[in-house]
Amino acid sequence: MSSNYTGLAGYAHDQPAKAGVLLVNLGTPEAPTAAKLRPYLAQFLGDPRIIELPRWLWKLILHGVILRIRPKRSAHAYARIWTEQGSPLRTGSEALMRALQAEISARRPGPIKVELAMRYGEPSVRRQIEKLQREGVRRLLVLPLYPQYSATSTGSVLDAVADTLKALRWPPELRLINDYHDDPAHIEALARSVEAFWAERGRGDKLLLSFHGIPERYLRAGDPYFCQCHATARLLRERLGLEASQVMTSFQSRVGRERWLHPYTDETVKQLAKDGIGKLDVISPGFAVDCLETLEEIAMQNREFFLEAGGSDLRYIPALNDSPDQVKALADLVVSHTQGWPEFAPDYDAEAARARQLAAKARADAMHGRTG
């Protein structure tokens, strides 16, 4: 008889229990080509969390129009930022994962595994959770790399995690970090990155904080993203000691004809140039790792808009990526959200844990009449 649930064949009583931390980022195509962009965009734009329209209508638009046109355009944009190592988002996220693993291992003696998944594309959330289960992870913390919560981002990660867990015969204990938009260590990391940039290159005439946009109707429906973006902006401004007139907040990456969160970044940079702003510094605090939206849309496309409108220079301040400040801030989050889990105890005793596992195996063997 076939089973509706996946699991491990048998249960190893002497397998050490581990804790896992799963970082989740948006995702990336495998290559900057239209052929590779098409299935990636189909998965991304086909997610009902991203586009909240009647499914029948959106499928007609998506497959009848968008997937015939957008893959080629997106491939051109990706080609502008692609490196010898591949997608900047993929390689940057992997570097962050490795750095976080090293930081947590240095802080806690227990068996803790850090992995990375992509919401769209590979490695998928399902693949990585099943991998962690095979490696003995019985307690799992999911950390979406989205500082501000939105149903279109963190909410979609929750969907993917839930879809995976409900198919497992023995799901791990689960905790999730919903957002960290106002976390003091995160705000400090952002501020230090701005200060380091200014120390090296001087300060521009104005600082623009550009967040990814979402349709405005999502805000009216109860999505907290807009408010959390402004909270991050306010806390960062206060930490930098800037006046309200020295900082602006805008929203980028809109698509379609409906109204998205205002003001729009592209319109903002053009207007600032016309208003006499010569040097404009731009940071995107909604992105943990540099990607298409920061490297191509801000550092290239919007820089061109700014220069064409009369500005002298638009300087993009890089995402936190795998900087020590971001790694420390995320490690602090992980430790605070895993209190009570034995693998995260500062006094975790590996020998005692191993002894308990061997004793459990001996009892299981005796129960089943096994001698070795």
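Predicted model: local features only at pLDDT ≥ 70, side-chain atom pairs only at ≥ 80, totals over all residues.
Local features need pLDDT of at least 70 and side-chain atom pairs count only at pLDDT 80 or more, while totals for chains use all residues.

**Whole chain.** Start with everything shown: twelve helices and eight strands (DSSP runs of H or I, at least four residues, and of E, at least two, numbered from the N terminus). The radius of gyration, taken over C-alpha atoms, is 23 Å, close to the 21 Å of the globule rule (2.2 Å times the number of residues to the power 0.38), so the chain is as compact as a globular protein of 372 residues.

Next, select β5 to β8, an open parallel sheet in the order β6-β5-β7-β8; strands pair if DSSP finds at least two bridges between them. Colour β6 (247-252) and β8 (313-317): these are the edges, each with a single partner strand, so one side of each has no neighbour in the sheet. Zoom in on β7 (279-283), which joins β8 through five bridges. There, L280 sits opposite L314 of β8.

**The helices.** Finish with α10 (292-308), lying across β5, β6, β7 and β8 at about 165 degrees to β8 (axes are lines fitted to C-alpha atoms, for helices over the stretch in contact, with angles from 0 to 180 degrees between N-to-C directions).

Conventions:
Residues numbered from 1 in each chain as written. Heavy atoms only, no water. Contact = heavy atoms within 4.5 Å.
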